[in-house]
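Welcome! Below is a short tour of a sheet, the helices beside it and the nonpolar packing.

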Amino acid sequence: MRHDLNITAGDELHEECGVFGMYDFDHGDVASTIYYGLFALQHRGQESCGIAVSDTAGPKGKVNAYKGMGLCNEVFTPEILEGLHGNIGVGHVRYSTAGSSTRENAQPLVLNYIKGTLALAHNGNLVNAPDLRRELEYSGAIFQTTIDSEVIAYHIARERVKTSSVEEAVAGAMKKIVGAYSLVAMSPRKMIGARDPFGFKPLCIGKRDNAYILVSESCALDTIGAEFVRDVRPGEIVTITKDGIASDTRLCFQNRSREARCVFEYIYFARPDSVFDGVSVYQARILAGRALALDSPVEADLVVGVPESGNGAALGYSMESKIPYGTAFVKNSYVGRTFIKPKQSSRESAVRIKLNVLKEAVAGKRVIMIDDSIVRGTTSALIVGMLREAGAKEVHVRISAPPFLHPCYFGTDIPSEDQLIAHGRTVQEICDMIGADSLSFLRQERLTEMAQGLPICTACFSGEYPIQPPEEDIRGEYAQ
């Protein structure tokens, strides 16, 4: 369900990654700032993280890197950060949707090749990664990881051998790779950001004093006291050197209606205090809630959100319906995003460990419960049951997204169709399965309103993919 309420294995969705790059023209060390930037992006990935730094005034090719499994504050200590000297660097937080969760697959990737070094952080999934990987393997390439980010790095390195600059090499690689990607790459004297022409994943530019930043979400700029400059355009390559920023838009679509931002950034991946391509994530969620209230009204005494990403939509529903907004759930703040889940034989529920209901708030009341999605339905059924146990007279569920009917191949671990509760079932059947009094989903037409008219990808709801899906499943264990 939510990245911040990782409670029932297989019944929550995850984004793939967050990236952060920084170039300080005043030659200050950037590692600690990258660390705090990654901290602000922790919701995008909790399996592993890493930082790679270099000194643009030092010997070319010397990269100092550290990465490991776990959250930022588990992987990095003050001593480790103090040992990472360099005024240019890239950082990464990862959740695996393709490629297993191992230290080898942690990023940034650091490559040494004939033209020097390359450090790469990547968010997204390539649909043609298996074909490109096989092609490279047959030409003698040896892979150290199972992630498609390494395929991108190899192609950049190959292109660099025959081009005059690393940004030209990135452009050459982008002509071969197909799918979702926001990249931050570091060469000895440059930092490069690139976004796929569809713009699936966010990437923006920030500035603090005499330093430039490339980052997945604008909320991380606020965290480090930087100002937002602008979003990287879908298809754009941004190059940052000591001379400033250069932009290459040759790969941007002339027809911008072909762009296809992941609508789930607005529904729940991004932090509510982020702005994605000019659209406030918080306002998008408020709009979704208002739309639910207009399209799926019901008489009730209280509107509540399932923390955290259901809260904005719940507030919007309350504002539109004039039904009071309240708090029904208390989260255990001391349970990390990943924790040892109870065994099947144990009476403890993973839901109850993370979430409890305020009985005084819901007892005897008709409650509208707003959530961002239903995947397999098991978590929704548990939460509805908890509200009833707490004395709720009625529980009406409203979902701030349409029903999931199709898998995603662009960096979200939506499972195969037979694992989705909405596939082949009516809304009433789903309602009965989760034990609610009524159930409604957001209408698909409302999604464009959420994104304020920006072109978006709705393939997981509609089955209309902006790119031809791969014939083989590229999503690893999450396809099961």
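## Ground rules

Contact here means heavy atoms within 4.5 Å. Axes are lines fitted to C-alpha atoms, for helices over the stretch in contact, and angles run from 0 to 180 degrees between N-to-C directions. Helices (H or I, at least four residues) and strands (E, at least two) are DSSP runs numbered from the N terminus.

This is a predicted model, in which local features need pLDDT of at least 70 and side-chain atom pairs count only at pLDDT 80 or more, while totals for chains, interfaces and linings use all residues. Residues are numbered from 1 along each chain as its sequence is written, and side-chain values use heavy atoms, leaving out hydrogens and water.

## The sheet and its helices

Four strands form an open sheet with parallel pairing, in the order β17-β20-β21-β22; two strands pair if DSSP finds at least two bridges between them. At the edges are β17 (302–305) and β22 (438–441), and the twist averages 20° from one strand to the next.

β20 and β21 (residues 394–399) are joined by 6 bridges, with V367 opposite V395 in β21. Helix α10 lies across β17, β20 and β21, at about 160° to β17. Helix α13 (residues 378–389) lies across β20 and β21, at about 150° to β21.

## The nonpolar core

A nonpolar core is a set of buried (under 20% relative accessible area, 1.4 Å probe, protein chains only) Ala, Val, Leu, Ile, Met, Phe, Trp, Tyr and Cys residues joined through side-chain atoms within 4.5 Å. The largest has 49 residues, and F410 is one of those with the most contacts inside it. Its largest share, 6 residues, comes from α9.

Beyond four places in sequence, the contacts of F410 include F200, C457 and Y465.

Methods: Buried means under 20% relative accessible area, exposed over 50%, partly exposed in between (1.4 Å probe, protein chains only).
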